[in-house]
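Student: Please take one close look at helix-helix contacts here. Which residues meet, and at what angles?

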Amino acid sequence: MKPVVSSLWKHSRSVRWRLPFALLASSLAVGCGQPAPEGSEPGAPVAEPSAQDAVLEETLGSVTQALEEELARPVVESLVAIPQGATSKATASLFELKLDAKRSENEQFRGQTLTMAEGSQQLLFRDDGQNGDAVAGDLLFTASGTFDFVALQAEQQRIAQAQSESQEPLTTAVFENRALVRTVPVTAMSTVFQVGQRVPIRPIGLASLVDPARSLIIRAPGVINDPTRTWDPCTNVGNPTGKWTFNYLMTEMANQPFTGVAPTTFVREWVRQWEAPRTINSFVSPPRTNIVPKLVTPWPKLGTGELNLAKSPFKLIAIVNRLDLAGSNPAYGSGSAGEGRFIFAATEGTGTACHTTPFLVILEYGVDKTGCASIKAYAQQWQALSGLVLGSASYNAALEALTEQFAKRDLSPRKPNRSSINQVRTNENWLLNPWELREFRLWNTTVNPNSFATPGPVLGLLNSHTVAQTPDRATKTTVFPSYVNANAAAIVAGTYTVPLVVGATPFRGGRSIVPSPFATPPFWSLPAASIPNRQARHVFSLNTCDGCHGDELGISFTHVNWNGALSPFLSGPMVVPDRADGAPVRTFNEVLARQTFLDQTANQSCLTAAFTATSASVH
């Protein structure tokens, strides 16, 4: 029996959606992104909390993080609105949504319905030959409702103005699996829409209207050294409780009034996880005991001997807008506003000898906004930063208003600690070689404990967790090729999540390492005889932590380093011959992709999100 596609599609939360015009993929900072949340997998044991933990769990509440079945996406060919009356903000209209008949993914939608959101209304697109749909099963879906043609007129005027102010023709960029595929010319339509006219609804993002230094990757000294919001452990200048300090952010994450966990305990127990071996999904992360003499011992202490968080030895390096890491598609009535991130670097030394080190900590928060209107308003706030003076009082105040939408406590009542944090990641070789990436998450008893370190995890604390989309390296010649071959189509389509186990064999790793020099061919590669689908091999490798931060791109470990410098991947166009086979040659331009996505999300109709592609890239 066929599924009720409209219902399944609308309510799926596990797939990450990306506009093909801005398939925003790799990590802006160090570490990986957030994969689909996971619940108890088949056969996973359920933690039995102690009496004390049970009380805390009752207080913490629960968050259901079910790993839902991922659905193939409909690949949209065209979308038009046909006004049935005079232009207004709610013009009665007919809609036609054409799916690409050449794409096999669309076969499951033939003859079905799709429910999409436009403003406050739900549009039912039909391909079942009923209620106005002329031919059942032709992949031409029809719907009726209203459309805001006044907003569309304003958007055309914005495009026309941008063209008049540009020295170059306007284009929008098309990305697939993070590679730049092509650019498409953009011209403004006439703002006169006649009754019965077929008006195309097109996804357009004007990258030139987004300044990445102000709206995406914020590293300006006037921001990261703001004396009212940051604190510099090398100079002792700033506000130790400012809204962008390590102290404030970890204190809010611990949320002691709700959890009973003191921030000093919260941070000390997190740091302690490097001091002894950690077994995660059966894989052992060796200790890095230098954490004690390098970080813990010199950390200033309170009179009680506890860590003094007001003098935390972590300096702010960047604030990152990861709107591109949105969840399910807002065109289908769901969605999220991606992530907001803070990047810190550990410091060592005192006085003029104090400096940042290659120990990076990335706090990666989910932005809990749903529905197109809320997400669009949030995106507009980020784009508005491009019009302010970077580092000015007005700019920093506007940026703080944005970061407080994900950083402060109690914003996500359904998540552990009521914090919006998705994960904390580290990327370092300060403690020991080789470079190592680790991931930490909060936990409650609704989440599969097998993805955390044993023994544990512990309620209210950050716990060692498997790394996103990355198998343990011990699986390279065993599970890795069989998994890629069995899931090649899903990998290329972006509808896969690296599982905790394959069959009964552990697969996803507890850490990711990046040796130097880089491997050629890259580590996540085997000959074509072992993995025939070479595009699937590349996509899988690029989506791993060590692939994205290492040999699949041929770059060094971090995309934002401890001094704030950007990798080539975040510095403009990057042409890379396939690292395993030498061909094809791919062009990446990650910042362009994110500029395009932000502008489109902030300015286009919610319906343009129908032109979306799934992507498993989470970096």
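Tutor: A crossing is left-handed if the near helix is turned anticlockwise from the far one by less than a right angle, and right-handed if clockwise. The crossing of H10 and H11 is left-handed. This is a predicted model, where local features need pLDDT of at least 70 and side-chain atom pairs pLDDT 80 or more, while totals for chains, interfaces and linings use all residues. Numbering starts from 1 along each chain as written, and side-chain values use heavy atoms, without hydrogens or water.

Helix H10 spans residues 372-384 and helix H11 spans 393-407 (helices are DSSP runs of H or I, at least four residues, and strands of E, at least two, numbered from the N terminus). Their axes come within 10 Å and cross at roughly 145° (lines fitted to C-alpha atoms over the stretch in contact; angles run from 0 to 180 degrees between N-to-C directions). From H10, Tyr-378, Gln-381 and Trp-382 take part. They meet Leu-399, Leu-402, Gln-405 and Phe-406 of H11 (heavy atoms within 4.5 Å). By class, this contact has five nonpolar, two polar and no charged residues (nonpolar: Ala, Val, Leu, Ile, Met, Phe, Trp, Tyr, Cys, Pro; charged: Asp, Glu, Lys, Arg; polar: the others, Gly among them).

Now take H6 (246-254) and H8 (263-271): their axes come within 9 Å and cross at roughly 100°. H6 and H8 are therefore roughly perpendicular (65 to 115 degrees; under 35 is roughly parallel, over 145 roughly antiparallel, the rest oblique). Phe-246, Met-250, Thr-251, Met-253 and Ala-254 line up on the H6 side of the contact. Pro-263, Phe-266, Val-267 and Trp-270 meet them from H8. Eight of these residues are nonpolar, one is polar and none is charged.
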